[in-house]
Amino acid sequence: MLRELFQESSPGATSVLLPVCLLLLWRSWVFTLKPLLWPSEPKEMPYWIPCHTLTFFRNYVQLMEDGLSPFSIQLLGKKLYICTAPADVSAIFDNTVGFNFDSHITGLLTSFGISKEALKRAWHEPKPGDWCYVPNNPINPKQKSLIHCVEDIYKQQLLPGDHMDDWCNAFLDSVQMSLRDMSSLEFCTTQYEGCVWCGDCAPRNVSLYSLVSFFNVQATIRAMFGPHLHDIDPSVVQYMLSFNEHVWMIVFRCPNVFGLPSDEPQRKLLGVAVSNEHNSCFWLLTHLLYDESLFKAVKEETEAGWRSGQLDIKYLCANCPRLDAAFNEVLRLNNTAAAVRVATHKTTVGTKVLQAGSTIVMPFQQLHMNENVWGANVSQFDPSRFLRTKSWARHPSFRPFGGGATLCPGQTLARHEVFGFVAIFVKRFRISLARGPDQKKPPFPQLNSMAPSFGLNGPLKGTDVTINIMEAD
């Protein structure tokens with residue numbers, strides 16, 4: 001039949017029909033016949049063009065929602081296995097032998113331009129007689145590789161204790177020093193688009209996202225490096241903000257065909273830290289502004305954390321149940337990050353078999369939006385769910401900070417920083433939504449789910465929140 005069709009067709013029609021037929025045959029094999037013949041293999045998500053790359057970078061979250069866990073996608077010529085079922089994710093986190101993170105670290109460092117020779121040295125474990133062996137090394141007493149030694153140092157700084165307290169105090173000192181009065185906000189006029197500064201009016205209108213992003217990232221840099229990076233280049237905050245927005249291009253080795261500003265900040269930054277606090281603060285304050293009763297309750301809670309003009313951050317974090325619940329709900333709804341593991345050998349997850357060397361991606365958004373776990377109102381902002389059931393904060397379907405061996409050591413610090421920023425901000429200023437002539441609330445901002453992230457994403461461009469702001473009495 002096909003032979004007769006091609007014989008009767010003109011050369012021009014044949015040149016069209018042949019590729020179409022080959023495409024249909026290929027799709028039938030890959031997406032229909034192959035899964036039937038090998039049912040234990042994770043099913044590959046169908047696509048028409050040679051991979052999922054365009055769909056992935058056009059709407060990352062939607063692509064992850066379309067498959068049944070575990071399934072696979074093709075990204076830039078590489079197959080990735082996606083796991084979204086809570087039981088599968090827990091099994092992978094618990095199996096530290098079958099799934100490791102080190103191979104993924106190697107891939108990340110390669111994306112940042114680290115050479116093979118440098119990687120070989122970074123993974124080398126010191127042995128007596130080696131060039132890097134230091135007997136009774138006080139910094140690396142267990143003689144770990146450089147990469148694992150650095151991980152331990154970070155954990156010492158980020159886990160609860162004196163080091164974390166020093167970091168948190170440096171962060172909050174920067175916020176208090178920067179958010180002095182209305183004059184400290186004038187940078188919005190020239191450095192950020194969409195931020196309106198009315199010279200003769202009070203209250204004044206500013207972009208909430210611009211304000212929160214700048215002061216949070218500035219405080220993070222000062223907490224990590226002191227004043228040194230600012231002394232080297234006063235524009236370091238802008239570099240960090242730009243880097244955070246486009247770092248996914250470097251990690252996924254995405255060709256910069258559109259000239260996005262990912263390369264320049266990478267060259268400028270002496271040290272890199274992906275900051276999530278500013279996005280957490282933005283969404284938390286936005287929900288408070290759109291819910292006046294919740295805002296009032298949270299403000300009363302944070303007021304109790306001030307003692308003789310000083311903020312008691314530990315008291316604040318232990319005695320603000322509504323703020324804590326709202327923060328957890330922000331993490332649940334806006335976390336578009338994912339955990340990554342690499343299979344060390346052939347392993348079964350659920351009913352599917354993953355081959356050795358497979359890269360497994362576990363997106364948190366799909367765990368957090370599981371209707372079977374969170375109920376019919378899964379898409380709604382409802383902090384009361386964490387007040388009604390305290391155990392939700394420890395549920396396997398709530399993993400805003402990852403899990404297993406790579407559970408984020410800075411989760412307590414992040415909570416302290418976000419709570420502290422909110423407490424200082426609402427103490428120093430009176431804020432409310434800027435409304436139009438009809439006095440209606442503006443549309444709620446949309447989450448930017450288009451691009452991958454390493455924590456919480458911010459709002460889509462053009463959906464920022466403009467606030468009325470004036471100094472508190």
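Predicted model: local features only at pLDDT ≥ 70, side-chain atom pairs only at ≥ 80, totals over all residues.
**Entry 1: α15 and α22**

The crossing of α15 past α22 is right-handed. I then listed the residues that make the contact: Glu277, Ser280, Cys281, Leu284, Leu285 and Leu288 come from α15, while Glu417, Val418, Phe421, Val422, Phe425 and Val426 come from α22.

**Entry 2: Leu285 and the cores**

I next looked up the surroundings of Leu285. Beyond its neighbours within four places in sequence, Leu285 is in contact with Leu208, Val212, Phe421, Val422, Phe425, Val426 and Ile431.

Which residues have the most contacts inside the largest nonpolar core? I found Leu208, Leu285, Phe421, Phe425, Ile431, Ile467 and Ile469, in a core of 73 residues. Helix α22 (residues 411–428) is the element that gives the most to this core, with 10 residues. Another core lies apart from it and has 15 residues, including Val89, Ala343, Phe364 and Leu367.

I turned to helix α11, which covers residues 208–225 and so has 18 residues. From first C-alpha to last, α11 reaches 26 Å, close to the 26 Å expected at 1.5 Å a residue. Is α11 enclosed or open to the outside? I counted 14 of its 18 residues as buried, so α11 is largely enclosed by the rest of the structure. Gly226 follows α11, and the phi of Gly226 is positive, near 65°.

I then examined helix α9 (residues 162–178), which packs with α11 at an angle of about 135°, the axes being 8 Å apart. This angle makes α9 oblique to α11. The crossing of α9 and α11 is right-handed. On the α9 side I listed Trp167, Ala170, Phe171, Ser174, Val175, Met177 and Ser178; these meet Phe215, Asn216, Gln218, Ala219, Thr220, Arg222, Ala223 and Met224 in α11.

**Entry 3: the loop between α7 and α8**

I looked up Pro126, which is placed in the loop between α7 (116–123) and α8 (146–158). Pro126 has a relative accessible area of 9% and is therefore buried. Not counting residues up to four places away in sequence, Pro126 touches Cys132, Tyr133, Asn140, Gln143, Lys144 and Ser145. Pro126 and Gln143 are 17 residues apart in sequence, yet their C-alpha atoms are 5.7 Å apart.

I checked the backbone of each. Most residues other than glycine have a negative phi. Asn136, however, has a positive phi near 55°, and the phi of Gln143 is also positive, near 55°. Are these residues buried or exposed? Asn136 counts as exposed at 76% relative accessibility, whereas Gln143 counts as buried at 14%.

**Entry 4: the chain as a whole**

I closed with totals for the protein chain. Its secondary structure comes to 22 helices and 13 strands. Of its 473 residues, 47% are buried. Among contacts between residues at least 6 apart in sequence, I recorded that 66% join residues at least 24 apart.

Definitions and conventions: Residues numbered from 1 in each chain as written. Heavy atoms only, no water. Core = buried A, V, L, I, M, F, W, Y, C linked by side-chain atoms within 4.5 Å. Buried < 20%, exposed > 50% of the residue type's maximum accessible area, 1.4 Å probe, protein only. Helix = DSSP H or I, 4+ residues; strand = E, 2+ residues; numbered from the N terminus. Contact = heavy atoms within 4.5 Å. Expected span 1.5 Å × (residues − 1). Left-handed = near helix turned anticlockwise from the far one by under 90°. Axes fitted to C-alpha atoms, helices over the stretch in contact; angles between N-to-C directions. Parallel < 35°, antiparallel > 145°, perpendicular 65-115°, else oblique.
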